[in-house]
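Okay, thanks for coming, everyone.

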Amino acid sequence: MKTKFILFLFISSIIFTSCESPNSADESSSTTESVVSDPLPSWNEGISKQSILDFVAATTTEGNPDFVAPADRIATFDNDGCLWSEQPFYFQLQFSLDRIKAMSPDHPEWSKDPLLAAAIAGDVEKVFSFGEHGLLKLVMVTHSGMTEDEFNTEVLDWINSARHPKTNLLYKEMVYQPMLEVLDYLRANGFKTFIVSGGGIDFMRPWSQEVYGIPSEQVIGSSIKSKFEMVDGKGTIIKLPELDFIDDKDGKPVGIHQYIGKRPIAAFGNSDGDLQMLQYSAGTEGKSLQVYVHHTDADREWAYDRGSPIGGFDKGWDYATENGWTIVDMKNDWKKIYPKE
C-alpha cells in the first residue's frame, strides 16, 4: 500500500532552534565550534553517519578521484517516512479528511454516500475499505475546481494549525532533525536538494521552503491535471478531477528525469516505494550514496518495516542489504527524532 498511498496522496495535490546565550561569548563560541566540527550533531557515531560524511568528503574534495563538479551534485529525498513521520497514515490523507469535514455543511447530500459519510465521521478504516477507487473519489470531491491560490491557502492554513493526535505537535514539527542536518550539510557542500515524493506536489510546495529549505521548484510529486483560465481578469491555474502523474516506485526515476534532467548521486528513502529512485541513483558512473531510513524506534516514533500497510520496507530492505547500501537504524543512529524534543 506504500504506493505511498500514492494514488491517494498524489491525487490529493490528488523547524530548528539554535541556542545562544546573550550573556556568554564563550558559550556562543563553543556552540559555533561544535557545529563546525560536527555537521550532524543529532547523529550517533557509527556506520550510517560516517557513510554520509565520507561520501560528502570524497565527492567535494578537489583532487580526489571521486570528486564531482558542483553542477552534478544532486541529492533526492522521499518525504513521507524519510523527512517527516507518516503514521498512523500519511499526513496528506489527514489533510483531505479535515477538508471534507469542513466542506460537508455545504453538502448535506454527502451524508447519503457511504464513502463520504465515513470520511466526514473520521472513520479511516472504513474509508480504506473502499480501496483506491474510493480514495480517488474522495480527493476529486474535495479538490477539483479549485484555483492554485485557493489550494495553497488551504494547505498553509492546515500545516500551520493541524496537530498530530499522538504527539500534539504541528504536523510540520514532526520532521526529522537528523535529516534536516543532512539537508543543510549537503547544501553547505554545494549539493542541490530535491524532494521526490509520492505525495501531492501541490500539497508540499507551499511549505517546503519554510520546513526543509527546499524551494517549490525543487519539489517533485504526484499530481492531478490542471488548466489555465482567466478569472476576474487574472491568469489562473485550475485543478481538474483527472490524474496526471504518479510519482512513486518506477515513476520516481521518470519524475527525476523529467523535472531535474540529471541522475542524482545521492538518494534517500524509507520504503519499497523509493527503491527504484535509489537504484537509479546507484546507476551513476561515479561515486554515489543510497540511504534508507529504517523505522525501529517504537518509543520515540514508530517501529515498522515488512508488511506495514504504510511505509512497507520489504523488497527495499533485501536489495539494500545485498548491495551494501546504508540503512539508518532510527533507534540507534539518531540522538533525537524531532527538533522540539
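**Rings, core and a crossover**

So, a search of the whole structure turns up 20 aromatic pairs, where rings of Phe, Tyr and Trp (its six-membered ring) pair if their centres lie within 6.5 Å. Before I go on: this is a predicted model, so local features need pLDDT of at least 70 and side-chain atom pairs count only at pLDDT 80 or more, while totals for chains, interfaces and linings use all residues. Residues are numbered from 1 along each chain as its sequence is written, and side-chain values use heavy atoms, with hydrogens and water left out.

Phe-89 sits in the loop between β1 (74-77) and α4 (91-103), and Phe-128 in helix α6 (residues 124-129), so the pair ties together parts 39 residues apart in sequence. Helices here are DSSP runs of H or I, at least four residues, and strands are runs of E, at least two, numbered from the N terminus.

Buried or partly exposed, which is Phe-89? Phe-89 is buried, at 12% relative accessible area, whereas Phe-128 is partly exposed at 25%. Buried means under 20%, exposed over 50%, partly exposed in between, with a 1.4 Å probe and protein chains only.

Ring pairs also build a cluster, including Trp-84, Phe-151, Trp-207 and Tyr-212. One of its members, Phe-151, has Lys-239 over its face, 4.3 Å from the ring centre; the criterion is NZ of Lys or CZ of Arg within 6 Å of the centre and within 35 degrees of the ring normal. Lys-166 does likewise over Trp-302, at 4.4 Å.

Last, the strands. β6 (residues 289-294) and β7 (residues 326-329) run parallel, joined by four bridges; pairing takes at least two DSSP bridges. His-294 stands opposite Asp-329 in β7. From β6 the chain crosses through helix α14 (residues 315-322) to β7, a right-handed β-α-β crossover: with the strands pointing away from the viewer, the path from the first strand over the helix to the second runs clockwise.

Terms used:
Rings of Phe, Tyr and Trp (its six-membered ring) pair if their centres lie within 6.5 Å; planes under 30 degrees apart count as stacked, over 60 as edge-to-face and the rest as tilted.
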